[in-house]
Structure formats: structure tokens, C-alpha cells
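Please read the numbered points with the sequence and the 3D view side by side.

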Amino acid sequence: MKTMKMALLAGAAVAASAAAAHADELQDLKAQVEALNARMAAMETAPSVPAGYQLLAITEGEAKQIPGMMGSDRDRVVNNRATYISILPTADAPAGTQISWSGYVRAAIVYSGKSGDATVKKYDTANGTSTLTSKVKYSRNSDDDWDVKSRGQLRVVATTDTAVGEVGVELKMRADFDGTSKADVYMKTAWGYWAMTPELTFGGGYAGSLGNIGYGYDGACTCYYTDNADVGFDPGDTTQLRLSYNSGPFAMAIALEDSTTGNFNGAELGVAGEMKYTGDSFSGEISGVYRNTNEGDYNLKGTYKNAGAGVPGTTGADFNYNADLEALWQVGIGGAFSLGDIASISLAAAMGSGPYQVVNSNGSIEAEYPVNNSWWGVSGLASANLSDSVHTELGVGYKSRDIDNFNGVTIGTDDNPLWRYTGVEQDTFAVLGGVYYTPVDQLTIGLEAEWYQNQLSGKRTGNVDTAAENKKQDVDASGDNWTVDLVSVWRF
């Protein structure tokens, strides 16, 4: 009996201890639940966006098309998608800004080469008769240039719906790489605009010229690392102010441009204009540009380190060159015919006159010479979609340049130029092709090739009462250039 009593007492003690421990656990759990509820209440009362705004959204959608650009910000890498961040304001807050960004990296292994031949004939003239004194042939080959090239680009667009219409900016930041050297980031496009009405837009900044023809060989090809031939009709990107009108399929624009080229001509202005029609099966444009030049902008002077102008005895002599150039102008037309999503043909033609300039596929003037020339050209590009993911292109272009007759340099204090240059002509014929595989929007792999030939001919005759009197020289030169590349593009 005593033993049973002790057992009951022990059991009661254990039960009491367990009940007390369980009560402590319930108390702790209750405290944790209350703390969690307090934190949730605080989060619900805290603002999720800045004061005055009620919604922050991050989405993905179609890339923004800038009103009034007229295709002058065309990129060889097509990026149809962009990421958007937007903030919806409350009724009494200022308008919210929508920011989108997209970009790409491309890289390619590029094989390029060139070869050329030139023949120089020299004559002496006596009593009106020219006698051949020498004939020299030159040749050059460089067919083993291998490179791995790359480019990175970030495009940012910010727009705001204001009480007077949409206001926005577009920025394209690029860096080009070739080898181990680091690249500097530069602005390909820096543009601001105000959509005053749904049809009328005022904009300005740095972008492509309205005078560029956006069709044909240079204007419509994909050409990541080709399009190196001088068969395009691009006067070069520049700073400008622009007014544009767009209604349905019809658009037109006029711009006030800066004529600065970097090496010459830094104090004049120009104008450019474009009319454009865009339909389902046909599109086309008519464009023109005029850029003034300052008198004497292209004049040169210096001192010969070696025998100058091909005349012995001029080492160390001062020289002067008076260019006397005219303003640059160009008019052109372009059009494209489309068979739906199956194929298209793009054609372009232009003519113009002015300082000799070569504009690369990046819109930059990469070379210019202090002579006046007239040019005309035609080009075409055929493209076809072999499947939903495979696209191919074939382009042909021709451009002819006639350099105006001009006097060469003067030596020392003599105002009579040594040489008179006449009959200088240059013809360029080019062919390119490409096949591109795009399995998804974020990736393209392509194989590209281009070949073009430059032909140059001309002569110079020594002026009377100079060291070159009674001398004449004829030059005929031809050069072949080619590029083949395997390229990949990654987009986001």
C-alpha cells in the first residue's frame, strides 16, 4: 500500500512538470506568432514605391521605336525585345518615367586580305611630243590577316508622358574590341525628342543623317563584319536638330545639321530632308543632304621631309595646297519590294558632289581627301527566309567617282603649282552574301563574305615654269579586297 502511494505521488510530480513545460512552449509560440503579425502589419503599411506613386512594374516587351528617327538609328543587330521598368503615379503626382534597356554582344573570327597592281608611266615632252621614259609595275598582296573581333552595346530608352506630349531620350553606348587592347566606350546615338502631337515630333542630338539611303547594299544588309566597300550613300552621322511628321504610311522630316567632319570644315552648317512611305508590300524613300564648306577649310601647308611631289631637290622645302572645294550635296532614292515573310528586294541609287569622303558601316567618316569629286552609284540586296530560323542575303553594288581636275602643291614662295591633275577616276564594284541562323530571339550565328574591287586611273602634267615642266605621268591601279567571317550575336 505504501509502495502504491509512492508511485502515485511520483506520477503526479512528472505530470505537473510536463504540464509546466508545455505551458512554457505555448507561451513562446504565442510570442513568435505575435511578432510575425507585427512584422507583416509593418510591411503592409510601408510604401512599396516612392511617395506619390502607387505601382512599380518590371516587364518585357517590344523594343521602343523612337518617333521621328526615320530609321536613322538603324542597327545591324536587330533587337526586337527590351526590358521595361515603369512607375505609375498617383493622380496628384508628376508623370512617371518608363525606362527600357536592351543590348547585345557580338564576336567573330574574321579572315581578310587584299591584293593590288599598279602601273606608272613617265613621259618627257619636247616640241609637243611625249616620249615614254619609264614604265614601272607594282604589286602587293596581303592574304593572311586573321582577327577575332567583338562589340558590346547597351541601348537605353526613357520616356515620360507629360501634359504637352511624350518626352524621351535614346542612348546607344558601344565598345569595339580587336585583340588584347581595351576599347573606349563611345556613343553611337544620343537623341532626345518631344512628340508634340501624335504626328509631329521635334528632336535633336547625334544620330544618322536623313540624307542616308536606307536601302540597297549598304542600307539594308545585315553585314555584321562585311559592308566594307565604298558603295554606300551615307554622308556620315552628325549632330542635328530635326522636325518630323508621320501620318499612317507616310513620313517626312527636315534637319539642320553640323557640317564638321573632324579633320576639316569646322564652322559651317547643312540641311537634310527625307520623304518616306512604308506599306505592307512596298516601301520607299527620297532623301537629300547639303553641307556647306568654309573657303580654305581643306587647304594644307607643311614642309617636305623627303623629295616632294615626285620632284628631286624639294627636300626641306615648304609647300602649300589650295583646295578650293565646293559644298557637299547628294540626292538619292531607295525602295523595297516584299513577298510577305518569304523574300524581299531592296534597291538604292544616288548621285552627288563635294569633298572626297569615305564613310564606314558605323556611320563614321574614316577617310577624306582635299579634292572635289562627283559620284553616282546603284546597289541592290535580295534576301530570303529559308525557314523560320534561317535567313540569307545577297547584295551587289557599284559606285563611280570622278575627281575634278585640280592643281597640286606649290613649293616655297612659288605660287605656280608643280602639277596639274586631270582625268582621275575611281570605280568600285562589290558583292556580299550571308547566311544567318536564329533559333531564338536571343541568339544568331552567321557566315558572311564580301569581295570588292577598286580601279583608279589618272594623270598629272607638269606646269610651265616649274621643276616638273615637260613631265607627265599616267597611273592605272586595281585592287581586290575580301572578307570572310563566322559571327555570333547574343542579345538581351
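1. Two terms come before the strands are discussed. Two strands are said to pair if DSSP finds at least two bridges between them. Helices (H or I, at least four residues) and strands (E, at least two) are DSSP runs, numbered from the N terminus.

2. The model is a predicted one, in which local features need pLDDT of at least 70 and side-chain atom pairs count only at pLDDT 80 or more, while totals for chains, interfaces and linings use all residues. Residues are numbered from 1 along each chain as its sequence is written, and side-chain values use heavy atoms, with hydrogens and water left out.

3. The overall composition is as follows. The protein chain has 22 strands and two helices. Of its 492 residues, 39% are buried; buried means under 20% relative accessible area, exposed over 50%, and partly exposed in between (1.4 Å probe, protein chains only). The chain exposes about 26,600 Å², of which carbon and sulfur atoms supply 58%; these areas come from the Shrake-Rupley method with a 1.4 Å probe, and for residues only the protein chains shown count as cover. Among contacts with a separation of 6 or more, 64% are between residues 24 or more positions apart, a contact being heavy atoms within 4.5 Å.

4. Which strands does E3 pair with? Strand E3 (residues 97-126) is antiparallel to strand E4 (residues 129-162), with 29 bridges between them, and antiparallel to strand E22 (residues 471-491), with 21 bridges. Tyr123 has a bridge partner in each: Leu132 in E4 and Lys472 in E22. The hairpin of E3 and E4 has two residues between the strands, and Asn127 there takes a positive phi near 55 degrees.

5. A further run of pairings involves E14. Strand E11 (residues 282-291) and strand E14 (residues 328-338) run antiparallel and are joined by 10 bridges; Ser283 stands opposite Ala336 of E14. E14 also pairs with E15 in the antiparallel sense, over 10 bridges, and Gln330 has Gly352 of E15 as its bridge partner. Four residues separate the strands in the hairpin of E14 and E15, where Gly340 has a positive phi near 65 degrees.

6. An open sheet should be noted separately. Its three strands follow the order E12-E13-E19, with antiparallel pairing. Strands E12 (300-303) and E19 (410-411) are at the edges with a single partner strand each, so one side of each lacks a neighbour in the sheet. Four bridges link E12 to strand E13 (residues 318-321) in the antiparallel sense, and Leu300 has Tyr321 of E13 as its bridge partner.

7. How many aromatic pairs does the structure hold? The count is eight. Rings of Phe, Tyr and Trp (its six-membered ring) pair if their centres lie within 6.5 Å; planes under 30 degrees apart count as stacked, over 60 as edge-to-face and the rest as tilted. The ring centres of Tyr356 and Tyr369 are 5.2 Å apart and the planes stand at 75 degrees, so this pair is edge-to-face. Tyr356 belongs to strand E15 (residues 343-359) and Tyr369 to strand E16 (residues 365-385), so the pair ties together parts 13 residues apart in sequence. Tyr356 is buried, at 7% relative accessibility, whereas Tyr369 is partly exposed, at 43%. Elsewhere, Tyr277, Phe282 and Phe337 form one aromatic cluster.

8. Arg401 is placed over two rings. Arg401 lies over the face of Tyr356 at 4.3 Å from the ring centre, and over the face of Trp375 at 5.7 Å. The rule is that NZ of Lys or CZ of Arg is within 6 Å of the ring centre and within 35 degrees of the ring normal.

9. A disulfide is counted as a pair of cysteine sulfur atoms within 2.5 Å, and the count comes to one. Cys221 and Cys223 form it, with their sulfur atoms 1.9 Å apart. The torsion about their S-S bond is about -135 degrees, so the disulfide is left-handed. Cys221 is buried at 0% relative accessible area, and Cys223 is buried at 2%.

10. Finally, Ser361 is in the loop between E15 and E16 and is partly exposed, with a relative accessible area of 34%. Leaving aside residues up to four places away in sequence, Ser361 touches Arg76, Thr226 and Asp227. Ser361 and Tyr224, 137 residues apart in sequence, are 9.2 Å apart from C-alpha to C-alpha.
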